[in-house]
Amino acid sequence: MAADFADLSLGYRPEGRTLITSSWVVGHKDGGHTLLRNGQVVFEDGVILFVGHNFPGKVARRIDFGNALISPGLIDLDALSDLDSTILGIDNHPGWAKGRVWPRSYVEAGPYEMYSPEELAFQKRFAFGQLLLNGITTAAPIASLFYREWGETVAEFDAAADAAGDLGLRVYLSPAYRSGGMVLEAPGKMVPVFDEERGLRGLSDAIAYIERQNGAHGDLVRGILAPDRVETSTLALLQRTDAAARDLGCKFRLHMAQGTMEVDTVEMLHGSTAPVWLAKNGLLSDRLIAPHATNATEEDLGLYAEHGVSIVHCPLVSARSGSTLNSFSKCRRQGINIAMGTDTTPPDMLMNLLVGLITCRINDHAPDRVRSADLFDAATLGGAHALGRPDLGHLSPGARADIAVFDLSDTIMAPSVDPITTLVTGGSGKVTRAVFVDGRLSMLDRRLANFDMEKARDQAQAQYEGLITKYPERSWNHPPVSEIFVPSYPIEADNG
């Protein structure tokens, strides 16, 4: 690679114009992406000035990334921000018996925070670093509330805002809240238990957080309201959330139409599916971002299309649990905006795009209704549209300089005449070469600004092992860890 990084430092926005070039550039024209062979991108003060060939002006520095793709930064609207516990359930079933739902005994003993404030702050920083390593420049974090006393705290999200500022990641933040939770009353019998006032206090905290933090760290931090899940939300909580989102000028994200437990619970409580219930109460609009839609009915999808709701598609997590969006191409044909989410660790968006392509073609029973570019659009333009950010998700003059550089010469990559197909069908987050966010160099050659990921990995492992030791007290009949999580093969102890 011929490159001049002499005056570029991780974590800082360089002075003057920066010109970057590579064998391929994803440009933008007439509302859609274009491909430029041996293209150039020029940016300054966080804004893209030029995308094309033969820039005529003067620049402070030139960086040639060689055989690579200069791309808009990827947008992840369901980005894990804690330590991924869903992987514990991949081969350990049923979920109710494996600590995935609070048993009544745990509730009566008094739920508590299973992580310290310092551990929660570390997890945000660790997760944000992983996002940058995978070419993700904008994220709306998500974390499990199974391990919390109730909801997320303002303190941990103040720490999250600082982490985003230090690392150089664009984020949409506020602490998640809920007015209820699922409780295991007997094997397989899960019922909702509500505390509406507690949920409303959580909403008030989230509103105050957004009013205080919106625009922080050079506008890398903006607000989004995040009621946890539809089956753990009362109507009053959602109505006030929607009103607050309108007043704040922000979006709100609500997980729904995503699983059997939710569908059955909402049917029991409200006599319909969640999207139908929300529609009857005037709560579907383009303010709403709704992961995952894998259990959405035809009526549900029609309501999403009618009211401008954006879906967040997380194909890898869904497929691991045996469900899919049915289907990506059908939702697009209906006019539903689709954004992408990873919802797991590692947050490999490129892997998610491939799984999304595969599952769509399986559902469609046809290979020609979806292309690699359609998934790539969802991870860039779709996410930007969901957030109401026409200045994100594409590379063109006036857009923010949020850029990911993917190495096409990596030994894991196959030769190809089309870099988008190459990335989606054979790529991995591991080929992410560099990331700029708002013109700031946030990642280069697997190195991050202000954070040692190699050291952090050991700290994350220690936290994870500590969490696992607490599973018996929150599992039905309190079995030992060895019975909750059975190893793939017998383990022989090291007696040396």
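How do the residues of the lining of the second largest cavity divide into nonpolar, polar and charged? They divide into four nonpolar, two polar and five charged. Here Ala, Val, Leu, Ile, Met, Phe, Trp, Tyr, Cys and Pro count as nonpolar, Asp, Glu, Lys and Arg as charged, and the others, Gly among them, as polar.

Before going on, note that this is a predicted model: local features need pLDDT of at least 70, side-chain atom pairs count only at pLDDT 80 or more, and totals for chains, interfaces and linings use all residues. Residues are numbered from 1 along each chain as its sequence is written, and side-chain values use heavy atoms, with hydrogens and water left out.

**Stop 1: the cavities**

Select Asp82, Tyr115, Leu120, Gln123, Lys124, Ala143, Ser144, Tyr147, Arg148, Glu152 and Glu156. They line the second largest cavity, which holds about 50 Å³ of space. On a 1 Å grid over the protein atoms alone, a cavity is a set of points where a 1.4 Å probe fits but cannot get out; a pocket is an open set with protein on both sides within 12 Å along at least five of seven lines; lining residues have an atom within 4 Å of a point. Grid points are joined across faces, edges and corners, and a volume is the space filled by probe spheres set on the points. Helix H2 gives the largest share of this lining, three residues. Helices (H or I, at least four residues) and strands (E, at least two) are DSSP runs, numbered from the N terminus.

The structure holds three cavities of 30 Å³ or more. Now pick Pro141, Glu152, Phe157, Ser174 and Arg253: of the 13 residues lining the largest cavity, these lie nearest its centre. Strand S10 (136–142) and strand S11 (170–173) each give two or more residues to that lining. The space inside is about 70 Å³. Nine of the lining residues are nonpolar, two polar and two charged.

**Stop 2: the largest pocket**

Select Thr86, Arg100, Phe146, Arg229 and Ser321. They lie nearest the centre of the largest pocket, which is lined by 45 residues. Its volume is about 1,400 Å³. Colour the lining by class: 15 nonpolar, 19 polar and eleven charged.

**Stop 3: the second largest pocket**

This pocket has a volume of about 560 Å³. Of its 22 lining residues, Phe126, Gln130, Thr345, Pro346 and Arg457 are the closest to its centre. Show helix H2 (117–133) and helix H15 (453–468), each of which supplies at least two residues of the lining. The largest share, six residues, comes from H15. By class there are nine nonpolar, six polar and seven charged residues.

Stay on proline 346. The peptide bond from threonine 345 to proline 346 is cis, with omega near -5 degrees. Proline 346 sits in the loop between strand S18 (338–340) and helix H12 (349–364).

**Stop 4: the three-stranded sheet**

Select S9, S12 and S13. They form an open sheet in that order, with mixed pairing; two strands pair if DSSP finds at least two bridges between them. Strand S9 (102–103) and strand S13 (189–194) are the edge strands. S12 and S13 run antiparallel, joined by six bridges. Look for glycine 180 opposite phenylalanine 194 in S13. H7 packs on this sheet, touching S12 and S13, and its direction makes about 60 degrees with that of S13. Contact means heavy atoms within 4.5 Å. Axes are lines fitted to C-alpha atoms, for helices over the stretch in contact, and angles run from 0 to 180 degrees between N-to-C directions.

**Stop 5: the seven-stranded sheet**

The order in this open sheet is S3-S2-S7-S19-S20-S21-S22, with mixed pairing. Strand S3 (32–37) and strand S22 (447–448) each have a single partner strand, so one side of each is left without a neighbour in the sheet. Select helix H13 (residues 372–387): it lies across S2, S3 and S7, at about 110 degrees to S3.

**Stop 6**

Go to histidine 292. The peptide bond from proline 291 to histidine 292 is cis, with omega near 10 degrees. Last, asparagine 477 has a positive phi of about 65 degrees although it is not a glycine. At 62% relative accessibility, asparagine 477 counts as exposed; buried means under 20% relative accessible area, exposed over 50%, partly exposed in between (1.4 Å probe, protein chains only).
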